[in-house]
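Hi,

Have a look at it first, then read on.

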Amino acid sequence: MKNIVMIALAMLSFGAIADDVEETIVVGAKVYNGYADPLYDDNLLESIQYTKKFIAGGLGGFHGIQLNGTDTKHTAVYKNGVPVNDPSSGWYDFGTDLPAHQDITVISGPNSARFGSGSMAGVVLIEDNFERQFTAEVAEDITKVIASYEWYPESQEVGVQVAHYNGTTGSAMTYNDELDWYKNTTVKFAYANEVGKINLESINYDSDYDQCWWMMPPNEWEDWMCHVEGEKNTATLRTKYLVLGHTTNKAKHNTGYEIESERTYGNFIAYKDNGHELGVTAQNEVYNEKSRDTYSAYYQWQNDFIGVGYRFQEGTAPMSEQHIARIGIEWDGLRFSLANSYRLPNLYEQRGDGWVHANPHLQPEEGIGTEFGYKDVSIYYYEFDEGIDFDFNQYKYVNTGEYSSQGIRYQDQFLLDNGSIFVYTEYTETDRIRVPRYRTKLSYWTSGSFGGIQWDTALEYLGEFEKGQDYDGRIIDDVSTANFKFGVYATSNLYIMLELDDIMNNRFEVLPDYAAGGRTVRLSFDRIL
């Protein structure tokens, strides 16, 4: 990380305006803006996919995103301007992150022409946001503290944030009743001036999990209780015409298994004016000393009505040339987008390891996607020519042929005189497993005062239904839960909130053998500094 910081400091001689870096407009796409609130969101994925309050393994477990019913590897995730999908797996694991005031932008629909391989289903942009706040949450066996501060010396902006979480919601799996803990310490730093912006992030975590030895008898618990220690670092520099980034991900399991991956990324915008943008992108991906380089050039043009984009990319063998095109149209609330896409095999699928055989001839997941919508309604359809799945007979990843996904989504917020109502519902029909056919979130928020004390309250319902069968054929439980929150402003800058999760005390398996739900009481404090 030291080298990228030195490069970043040197590059601030480029002329740019830091605010210009953040603007993202994609004609023909539905764009959702959100916020990761540490008081309201139990995990970062919940602020993006609203029904993901309960995740297999809880915090520290794997939290992958499946937009529009596609594979987790078809959603590109960017942090502070650079891609963070892991080179080893192709997805981004949200389970190691804490919701800590991040600004969230979700761009739905096929976007590979602008954001590259792996953004067929959409793009999630995460921007660290530093507020002068101190937030704390306490519950049985859970402690969470987030402290952040920003200041503005002479047309500059400096932000620092430190977050720590130490907690357990019980056993990760139903096979035993021992407590599985997750510990996380995250440090963030940002610096911006009239020239550009630097962001640094370091996440250190320790997570317990069960069943790391699948071949052991289930009564020998001491051989099943496992943990992983990990570290994730991200460093980025952005100006109006340049983005540089470096990411690392290291994890060590008590079984002796270790992974280490990193990405060095650069995007240079050669021309940007009057809706035209011409740029080149280069990146180097490394996974356990296996390396791959990718180079691409892209062009997009858009106005208020139409947007077109094209990307050409190639890289080190066995990659082939790839041509990606997109068109988007918007008119009086109507929108339409159509694009093709290539999701490159990740390094693990392609190169394997001591357990998985390599498949250097693995082809990209090539497909076509479209999304049509009117205002708050979206209809999507995807068809892929080549899926990539693991073949247990050959013990390697292989191309498995066609699969598809389609669905309809509605999301809107209705403002009232003293509150609001939020409605989200989605129907998905897909060949991918673990995707609910129906999901919904309904919430009501209101505020008022009593005896000179300001208060607010929220009631929400979350549901995920008909998840189908898991890999081994077992039916996955439905999710149905209601949650209640009540907060008061004890002083003008001190907010206290009482949260009651899962009012009906439902217990279910969010995945087979992974229990979730159960009534929980939390008390949170938020102080503006």
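First, some housekeeping. This is a predicted model, so local features need pLDDT of at least 70 and side-chain atom pairs count only at pLDDT 80 or more, while totals for chains, interfaces and linings use all residues. Residues are numbered from 1 along each chain as its sequence is written, and side-chain values use heavy atoms, with hydrogens and water left out.

Let's start with the charge pairs. Side chains of opposite charge can pair when their charged atoms come close. The structure holds 36 salt bridges (a side-chain nitrogen of Lys or Arg within 4 Å of a carboxyl oxygen of Asp or Glu). Here are three of them.

Glu201 bridges to Lys188, with 3.7 Å between the closest N and O atoms. That pair links distant parts of the chain: Glu201 sits in strand E10 (residues 197–209) and Lys188 in strand E9, 13 residues apart. Strands here are DSSP runs of E, at least two residues long, numbered from the N terminus. Glu201 counts as buried because its relative accessibility is 5%, and Lys188 is buried as well, at 4%. For these labels, buried means under 20% relative accessible area, exposed means over 50%, and partly exposed is in between (1.4 Å probe, protein chains only).

Glu285 and Arg263 meet in another salt bridge, at 3.1 Å from N to O. Their pairing also links distant parts of the chain, with Glu285 in strand E14 (residues 276–287) and Arg263 in strand E13 (residues 258–273), 22 residues apart. Glu285 is buried, with a relative accessible area of 6%, and Arg263 is buried at 5%.

Leaving out residues up to four places away in sequence, Lys441 touches Tyr50, Thr51, Phe422, Val423, Tyr424, Glu460, Tyr461 and Leu462 (contact means heavy atoms within 4.5 Å).

Ile421 is another one to click on. It lies in strand E22 (residues 419–430) and is partly exposed, at 32% relative accessibility. The C-alpha atoms of Ile421 and Leu442 are separated by 7.5 Å, although the two are 21 residues apart along the chain. Beyond four places in sequence, the contacts of Ile421 include Asp412, Phe414 and Tyr444.

Now the surface. Phe134, Tyr149, Trp151, Val160, Val162, Val187, Phe189 and Leu529 make a nonpolar patch of about 640 Å². Strands E7 (142–151), E8 (157–167) and E9 (182–192) each give two or more residues to the nonpolar patch. Trp151, in strand E7, is partly exposed at 34% relative accessibility. Patch residues have over 30% relative accessible area and no salt bridge; like charges are joined within 9 Å, nonpolar side chains (Val, Leu, Ile, Met, Phe, Trp, Tyr) within 5 Å. Areas come from the Shrake-Rupley method with a 1.4 Å probe, and for residues only the protein chains shown count as cover.

Finally, Glu366, Glu383, Asp385 and Glu402 gather in a patch of negative charge on the surface. Lys and Arg count as positive and Asp and Glu as negative, with His and the chain ends not counted; each charge is placed at NZ of Lys, CZ of Arg, CG of Asp or CD of Glu. Glu366 is in strand E19 (residues 365–374) and is partly exposed, at 32% relative accessibility.

Cheers

Note on methods: Helices (H or I, at least four residues) and strands (E, at least two) are DSSP runs, numbered from the N terminus.
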